[in-house]
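The stops below are meant to be selected one after another.

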Amino acid sequence: MSVSWGSIIIFLTVALILYGWRPLQRWKYRNIPGPRPKWMFGNLADIVRLGRPEAFHKWALEYGPVFKVFQGGTVIVVVADAAGARAVNMRNHSRGISLSNFAGAEEQRERLGIIPADGGGPYWQALRQAWQTMFHPESLRQYMGFINMSSERCADALQPACESGDTVEVWRLMGCLTSEIVGSAALGIELDALGAGVAPLPVDPSDITFQPNDDAAAVAQKVAAIVFAGTSAITSLSKSPYSVIHTLFPELRPLVGRIAFLLPDQSSQRLLQARARMRDLCGALISETRGGMKGGAVPPRGPRGLPSGAFVHHLLRADNRQSLGRPFTDAEISAQISMFMNAGYETTASALAFTIYHLANNPAAESRLLEEIDAFGRTAVPTFNNLKQFPYLSACIDESLRIHPPAPGTVRAARQEMLINGFRIPCGTYLYATLYSIQRNPQYWDDPLDYRPERLLGPNGTSGPSWAPFGDGGRSCVGMKLAYAEAVVGLVRVYQRFTFRLTPGQVPLKMKYGLTISPAAGIHVKVHPRT
């Protein structure tokens with residue numbers, strides 16, 4: 001019996017049409033509401049057009065606190081209920097979804113970092129323990145000198161614009177501040193990001209290029225910009241055919257991921273180059289640190305915390321006897337350094353810049369903040385013990401994080417069947433807790449888009465599950481305390497000397513959505529001296 005080519009073509013066409021309607025996924029999740037998916041592409045058109053956070057927020061208001069979306073060939077159950085999101089984060093530690101197009105060795109290197117690593121196992125537990133030591137209060141106390149020094153340099157960088165009346169792009173400036181702090185306080189690297197002024201990066205990460213004379217600060221900031229843009233399959237759909245194939249045909253991901261690594265397109269090549277530059281930087285730091293340790297240059301460690309610049313020393317000395325049962329490899333240590341420099345730079349910079357944005361647009365809140373700072377002292381230098389003396393400033397930061405959380409949501413893979421708001425979620429389902437939507441939901445917040453720091457004052461201001469910009473559960477942001485110390489000290493030192501006003505055309509602020517949330521074209525302000 002022979003089969004004609006015509007019959008084969010007809011069979012493949014029918015199979016492709018059926019595949020594109022995702023009949024098995026539709027049946028499996030038939031009881032969960034959600035927007036109607038289009039053939040093959042599912043709900044991608046709206047996600048790309050609106051941005052994932054805004055699309056999910058729109059659908060949460062339309063379909064309720066639990067709904068499904070078809071991200072191409074992958075069904076994601078979105079949880080926009082505060083209690084449900086907490087349950088998702090508390091009970092599930094695995095992210096499931098890869099952060100890039102690559103498979104094989106490159107994906108394995110990617111999963112060595114604490115953020116993409118599978119949660120709950122011995123390796124993740126060893127990482128978590130090592131990172132927690134880095135952010136112990138005694139460690140933070142040691143970092144305060146570097147945080148103050150970089151914050152003062154940040155204020156000094158604003159002085160020329162204050163005198164000339166020039167506009168300052170404050171988001172990039174805050175990025176220079178946070179990269180300096182991460183480098184000096186944690187890693188012992190002198191990142192002179194603020195020394196020569198602010199060198200703005202191109203708005204489009206595809207325009208970023210590496211130069212042979214790039215210093216560590218330039219490499220770190222360029223890598224962060226490329227990595228955060230390139231790790232979102234949605235934002236890279238128009239730039240990489242591999243992203244399109246992964247999204248529409250998830251079953252082909254292992255094969256296509258290896259091809260993407262061996263035959264990278266321009267977008268994938270840029271991401272690989274960025275990762276390679278960061279690995280080179282991390283490898284050099286590890287070698288230098290190990291050499292110093294052999295020569296006796298080991299920073300003294302306190303009973304609980306770490307001295308400044310000792311993160312790499314700490315990872316090299318960790319024996320992980322009670323968890324992993326072996327020391328960390330150089331590749332594992334390199335992944336932590338890279339993760340620290342990328343995540344610690346971008347997210348804290350956004351928190352600082354968004355707070356300045358909201359204060360510049362709300363003179364009453366700014367006035368109250370200035371009163372608190374003036375009560376502390378216009379020239380006083382904040383210490384670790386002073387951090388809790390700024391309740392209104394903390395509320396300003398928290399309210400900014402509520403409206404503009406740097407990470408709009410958390411992704412988890414359900415390790416067992418879950419019941420959320422009456423819906424049964426099958427084991428293995430990708431769950432997305434949309435913090436962005438929860439923190440803007442009028443069910444939890446009166447006039448949620450209004451900037452009202454006073455609503456978060458007091459011990460119960462941020463204690464509920466409806467405020468969770470750092471995530472929740474075992475995979476919540478391990479560096480939250482350092483981020484707060486940077487934000488409080490940085491803003492105190494800046495507002496001791498200056499105030500800010502937005503240049504026209506920035507209300508509402510245009511946003512860029514990827515793995516994180518950031519201003520699409522920065523935040524531009526005029527700097528005014530305090531009188």
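In which helix is S151 found? Select helix α8 (residues 137–164), where S151 is found; helices (H or I, at least four residues) and strands (E, at least two) are DSSP runs, numbered from the N terminus. The model is predicted, so local features need pLDDT of at least 70 and side-chain atom pairs count only at pLDDT 80 or more, while totals for chains, interfaces and linings use all residues. Residues are numbered from 1 along each chain as its sequence is written, and side-chain values use heavy atoms, with hydrogens and water left out.

**Around S151**

S151 has a relative accessible area of 1% and is therefore buried (buried means under 20% relative accessible area, exposed over 50%, partly exposed in between, with a 1.4 Å probe and protein chains only). Next, display L177, V489, G490 and R493, with which S151 is in contact once its neighbours within four places in sequence are left aside; contact means heavy atoms within 4.5 Å.

**The open sheet**

Now select the three strands of an open sheet, ordered β3-β11-β8 with antiparallel pairing; two strands pair if DSSP finds at least two bridges between them. Its edge strands, each pairing on one side only, are β3 (167–169) and β8 (498–502). From one strand to the next the twist averages 45 degrees. Strand β11 (residues 524–529) is joined to β3 by 3 bridges, and V525 in β11 stands opposite V168.

**The hairpin**

Move to strand β1 (residues 66–71), of which 6 of 6 residues are buried. In a regular strand the side chains alternate between the two faces of the sheet. On β1, one side carries V66, K68 and F70 and the other F67, V69 and Q71, all buried. Strand β2 (residues 74–79) pairs with β1 in the antiparallel sense over 6 bridges, and F70 stands opposite V75. The two strands form a hairpin with 2 residues between them, and G72 in the turn has a positive phi of about 65 degrees.

**Last stop**

Finish at W5 in helix α1 (residues 5–20). W5 is exposed, because its relative accessible area is 67%.

Conventions
Axes fitted to C-alpha atoms, helices over the stretch in contact; angles between N-to-C directions.
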